[in-house]
Amino acid sequence: MDQKKVAKLNLKNNELPTEFPILSGSMGPDVIDIRKLHAKSGMFTYDPGFLSTASSSSKITFIDGEKGILLYRGYPIEQLAEHCDFMEVCWLLMKGELPTADEKDSFVKSINAHSMVNEQLIKFYQGFRRDAHPMAVTVGVVGALSAFYHEALDVSDSQNREDSAIHLIAKLPNITAMAYKYNLGHPFNYPQNHLSYAQNFMHMMFAVPAEEYRPNPVLARALDRILILHADHEQNASTSTVRLAGSSGASPFACISAGIACLWGPAHGGANEACLNMLEEIGDESRISQYITRAKDSNDSFRLVGFGHRVYKNFDPRAKLMRETCHEVLDELGLQDDRLFKLAMKLEKIALEDEYFISRKLYPNVDFYSGIVQRALGIPASMFTAIFATARTVGWVAQWSEMISDPEQKIGRPRQLYTGKSTRKVLPISERT
Ligand code: CMC
């Protein structure tokens, strides 16, 4: 982080401008360092939704929303999706470099060594209703992991941080797959460590004791790609939640549970489930225009889910890759004529040609396609966000660990613009009207 320039801000009339350092990162816009703003001026900045605020410095992920660029540790997402698997991407996000063959081997071994959960944890599932949403179960069970790893509370110890990261990455597929199996009333499947991470995930979700289960390699590769594309995304809402929760020194398992809770919302990770539900609701190509009209109506809260992004304003590079995977999976399964896929393609075409969407730079995002791919893999819509949470766990732990080891780290404590009542006097109850 370089400081080359200063910003001169006229904070008060008739006074000389106050100077603030301008910091430059390795890529992306410069930032005005306003940490001393309050001390110098008595004022705060006001930026709900963080539209113009960098909440931290980070070396992990870079996005250029105008150009549609996404880099993990400097590597373009397209190259990672083509040449690497999810385990390599996990190592990259956590350690900063792609692993050698030996490093990958030992990382996979440590993930495998922690893929089971404590048998006691499995009993938690019985406390949930059978129809509980997998995200509700995942929020609870991941938070409960903090009761099993008390030593992880010393987050200043880098070995503890690494151990917690491995536990979380290793156990998330098992925890979310059990949430699904519990819905179905099926027995839980223990992980099979001879399988790859994605194959193992499919095995835990789809295998039943009565039959042999062999994950289809094309479909496993598609799931692996979903995991890669969702692994990290800079300071998004759930990652910021994890950082904020972690800034107090809280248990990493509780922090990741907070991130999962944030991810669940339909404006964030819940969009893939909401998108598929929307396609089901539209149901037929003849009804598309009716829904487009609703999406454009400012008096209607309906939004075309799977379109638009806070950061990507030309295209979402993950969407391009997911669209490609969508075709591969549907070809493999002979589902090119799939009703929802054809409907989605038609909707995409109509929206991309519509002035409302063009002028607001609303393009399909990754979740527009990921729901269709997951549905083709046999994953029910209620599990989509849990799959996203499994993928994003590595991003969350990498960002959390980076924050803890940052010497400039402080507990997160935003200020506010107070708009409530000014100071007033409490009257005795007999005098209140
Ligand atoms: N359908 C219809 N209109 C939309 C949509 C949409 N999907 N998205 C934005 N707009 C309109 C919005 O009404 C506003 O119009 P106007 O200027 O006339 O008031 C304009 O576009 C700008 O929208 P915004 O809400 O200010 O933009 P934002 O950056 O705050 O919101 C978003 C980004 C992703 C929350 C929003 O585009 C959205 O709700 N999309 C649908 C949900 C979705 O697909 N979310 C997944 C995001 S990708 C997964 C992830 O990374 O978490």
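Mentor: Helices (H or I, at least four residues) and strands (E, at least two) are DSSP runs, numbered from the N terminus. The model is predicted, so local features need pLDDT of at least 70 and side-chain atom pairs count only at pLDDT 80 or more, whereas totals for chains, interfaces and linings use all residues. Residues are numbered from 1 along each chain as its sequence is written, and side-chain values use heavy atoms, with hydrogens and water left out.

Trainee: Where is the place of Asn 365, and is the residue buried or exposed?

Mentor: Asn 365 lies in the loop between helix 16 and helix 17 (366-376). Buried means under 20% relative accessible area, exposed over 50%, and partly exposed in between, for a 1.4 Å probe and protein chains only. The relative accessible area of Asn 365 is 8%, so the residue is buried.

Trainee: Which residues does Asn 365 touch, not counting residues up to four places away in sequence?

Mentor: Contact means heavy atoms within 4.5 Å. With residues up to four places away in sequence left out, Asn 365 touches Gly 306, Phe 307, Gly 308, Asp 316 and Ala 319.

Trainee: What distance separates an oxygen atom of the ligand from an N or O atom in the side chain of Asn 365?

Mentor: A residue is near a molecule if one of its heavy atoms lies within 4 Å of it, and 20 residues surround the ligand, the closest being His 268, Arg 303, Leu 304, Gly 306 and Arg 310. A polar contact is a pair of N or O atoms within 3.5 Å. Arg 360 places a polar side-chain atom 3.0 Å from a ligand oxygen, and for the side chain of Arg 310 the distance is 2.9 Å. For the side chain of Asn 365, an N or O atom and a ligand oxygen are separated by 2.9 Å.

Trainee: What is phi of Lys 361?

Mentor: Lys 361 is found in the loop between helix 16 and helix 17, and it counts as partly exposed at 34% relative accessibility. Most residues other than glycine have a negative phi. Lys 361 is a residue other than glycine with a positive value, near 55 degrees.

Trainee: How many degrees of arc do the buried residues of helix 13 cover around the axis?

Mentor: The buried residues of helix 13 (residues 288-296) are Ile 288, Tyr 291, Ile 292 and Ala 295. They are on the same side of helix 13, because the arc they cover, taken from the directions from the helix axis to the C-beta atoms, is only 105 degrees.

Trainee: In strand 3, which residue is the bridge partner of Ile 22?

Mentor: Five of the seven residues of strand 2 (residues 18-24) are buried, so strand 2 is largely enclosed by the rest of the structure. Two strands pair if DSSP finds at least two bridges between them, and strand 2 pairs with strand 3 (residues 31-32) in the antiparallel sense over two bridges. These strands form a hairpin with six residues between them, where Gly 28 in the turn has a positive phi of about 90 degrees. The bridge partner of Ile 22 in strand 3 is Ile 32.

Trainee: Which strands stand at the edges, each with a single partner strand?

Mentor: An open sheet is formed by three strands in the order 4-5-6, with antiparallel pairing. One side of each edge strand is left without a neighbour in the sheet, because each has a single partner; these are strand 4 (61-64) and strand 6 (75-76).

Conventions. Polar contact = N/O pair within 3.5 Å; in protein donor to acceptor, adjacent residues only side chain to side chain.
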